[in-house]
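Student: I have a protein model open and I'd like to learn how to read it. Could you take me through it one feature at a time?

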Amino acid sequence: MKKYAIINCILLMTALVWSSCKKETPVDEDGLLITARAECYVSNFELLGADFQTVRSKAPVIDTVACTIQQEVLFGTDLKNLWPQFTLVTDAKLDPKITGKVDFSDLANPKKYTVVSGNRQVRKTYTVIITVQK
């Protein structure tokens, strides 16, 4: 009988220790940690061609107030096969996700990407304006 009491005591203590160590860590639908950070901006932008080489002719102009990214690309760039790369503030994420090549050939209708803050409560939509070097 004493043996069963010791085993029950050990099981109870293990359950208590395990439950006290388990913290609630909220994650979003992508499995990313939701934090308390409300910052939400793009700090850098890169545009790669099909050969994974940059197609930028100059540095991007990122306006975090107007939420625009202006980027000039080299003359002759294949605008249908580009890989945009965004550098975001810590814990933020991009919507929609970039999962492959993006077609930027419709220059009259710039692409839009939304940056979502770490706390998932602040959203800023950036417009990517591409121009071709003359």
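Tutor: Let's begin with a definition: a residue is buried under 20% relative accessible area, exposed over 50%, and partly exposed in between, using a 1.4 Å probe and protein chains only. With that cut-off, Phe52 counts as exposed because its relative accessibility is 52%. Before we go on, know that this is a predicted model, where local features need pLDDT of at least 70, side-chain atom pairs count only at pLDDT 80 or more, and totals for chains, interfaces and linings use all residues. Residues are numbered from 1 along each chain as its sequence is written, and side-chain values use heavy atoms, with hydrogens and water left out.

Student: What share of the chain's residues is buried?

Tutor: Buried residues make up 30% of the 134 residues. As for surface, the Shrake-Rupley method with a 1.4 Å probe gives accessible areas, and for residues only the protein chains shown count as cover. The chain's accessible surface comes to about 9,100 Å², with 57% of that belonging to carbon and sulfur atoms.

Student: Which strands form the open sheet, and in what order?

Tutor: Two strands pair if DSSP finds at least two bridges between them. In this model five strands form an open sheet in the order S2-S3-S7-S6-S5, with mixed pairing. Strand S2 (61-63) and strand S5 (93-95) are the edge strands, each pairing on one side only. The twist averages 25° from one strand to the next; for such angles, axes are lines fitted to C-alpha atoms (for helices over the stretch in contact), and angles run from 0 to 180 degrees between N-to-C directions.

Student: What does "mixed" look like when I go from strand to strand?

Tutor: Check the direction of each pair. S2 and S3 are antiparallel over three bridges, and Ile62 stands opposite Ile69 in S3. Strand S3 (residues 68-73) and strand S7 (residues 123-132) run parallel, joined by six bridges; there, Gln71 stands opposite Ile130 in S7. Strand S6 (residues 111-116) and S7 run antiparallel, again with six bridges, and Val115 faces Lys124 in S7 as its opposite residue. The hairpin of S6 and S7 has six residues between the strands, and Arg120 in this hairpin takes a positive phi near 65°.

Student: Where do the side chains go along a strand?

Tutor: In a regular strand they alternate between the two faces of the sheet.

Student: Which residues have the most contacts inside the largest nonpolar core?

Tutor: A nonpolar core is a set of buried Ala, Val, Leu, Ile, Met, Phe, Trp, Tyr and Cys residues joined through side-chain atoms within 4.5 Å. The largest one here has 21 residues, and Leu47, Phe86, Phe104 and Val128 have the most contacts inside it. Strand S1 (42-48), S3, S6 and S7 are the elements that give two or more residues to this core. Take Val128: leaving out residues up to four places away in sequence, its contacts (heavy atoms within 4.5 Å) include Phe45, Ile69, Phe86 and Tyr113.

Student: And how do I read aromatic pairs?

Tutor: You describe a pair of aromatic rings by the distance of the centres and the angle of the planes. Rings of Phe, Tyr and Trp (its six-membered ring) pair if their centres lie within 6.5 Å; planes under 30 degrees apart count as stacked, over 60 as edge-to-face and the rest as tilted. A search of the whole structure finds three such pairs. Phe52 and Trp83 are tilted because their planes are at 35°, with the ring centres 5.7 Å apart. Phe52 is in the loop between S1 and S2 and Trp83 in strand S4 (residues 83-88), 31 residues apart, so this pair links distant parts of the chain. Trp83 is partly exposed, with a relative accessible area of 23%.

Student: What are the distance and angle for Phe86 and Tyr113?

Tutor: That pair is tilted too, at 4.9 Å centre to centre and 55° between the planes. Phe86 lies in strand S4 and Tyr113 in strand S6, so the pair ties together parts 27 residues apart in sequence. Phe86 counts as buried at 15% relative accessibility, and Tyr113 counts as buried at 5%. Ring pairs also link Phe45, Phe86 and Tyr113 into a cluster.

Note on methods
Helices (H or I, at least four residues) and strands (E, at least two) are DSSP runs, numbered from the N terminus.
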